Amino acid sequence: YEVNIDYISQIERNGFRFVGKNEDGSLMEVCELTTHPFYIGCQYHPEYHSTSSRPHPLFIGLINNMINS
């Protein structure tokens, strides 16, 4: 899915933040829901950059949030 940039301000007013964009800012790559302790959506594949000894930071954040909840 792709976020229609015409609606970004309306979406962000309702609790989402777009915290990752592509290099020219035209594609929203990462979003967070500000009212939830750990709600992240990403358009890329963090599992491609993970190994069992060096997991991607998104996976570390998810596990830490589950432990601390």
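Two strands count as paired here if DSSP finds at least two bridges between them. By that criterion, this predicted model holds an open sheet of three strands in the order β1-β2-β3, with antiparallel pairing. β1 and β3 are the edge strands, each with a single partner, so one side of each has no neighbour in the sheet. Direction ignored, neighbouring strands of the sheet are turned by 20 degrees against each other on average. The points below cover the strand pairs, an aromatic pair and a surface patch.

**Pairing of β1 and β2**

- Strand β1 spans residues 16-21 and strand β2 spans residues 28-33; the two run antiparallel and are joined by five bridges.
- Gly20 has Val30 in β2 as its bridge partner.
- Phe18 stands opposite Cys31, which also belongs to β2.
- The two strands form a hairpin, with six residues between β1 and β2.
- Gly25, in the turn of this hairpin, has a positive phi of about 80 degrees.

**Pairing of β2 and β3**

- Strand β3 covers residues 40-42 and pairs with β2 in the antiparallel sense over three bridges.
- The bridge partner of Cys31 in β3 is Gly41.

**Aromatic pair**

- One aromatic pair is found in a search of the whole structure.
- The ring centres of Phe16 and Tyr39 are 5.8 Å apart and the ring planes stand at 75 degrees; planes over 60 degrees apart count as edge-to-face, so this pair is edge-to-face.
- Phe16 belongs to strand β1 and Tyr39 to the loop between β2 and β3, so the pair ties together parts that are 23 residues apart in sequence.
- Phe16 has a relative accessible area of 23% and is partly exposed.
- Tyr39, at 38% relative accessibility, also counts as partly exposed.

**Nonpolar surface patch**

- Leu62, Ile63, Met66 and Ile67 make a nonpolar surface patch of about 390 Å².
- One of these residues, Ile63, lies in helix α2, which spans residues 57-68.

Note on methods
Residues numbered from 1 in each chain as written. Predicted model: local features only at pLDDT ≥ 70, side-chain atom pairs only at ≥ 80, totals over all residues. Heavy atoms only, no water. Helix = DSSP H or I, 4+ residues; strand = E, 2+ residues; numbered from the N terminus. Patch = residues over 30% accessible without salt bridge, like charges linked within 9 Å, V, L, I, M, F, W, Y side chains within 5 Å. Areas by Shrake-Rupley, 256 points an atom, 1.4 Å probe, with all protein chains shown as cover. Salt bridge = Lys/Arg side-chain N within 4 Å of Asp/Glu carboxyl O. Axes fitted to C-alpha atoms, helices over the stretch in contact; angles between N-to-C directions. Phe/Tyr/Trp six-rings, centres within 6.5 Å; stacked < 30°, edge-to-face > 60°. Buried < 20%, exposed > 50% of the residue type's maximum accessible area, 1.4 Å probe, protein only.
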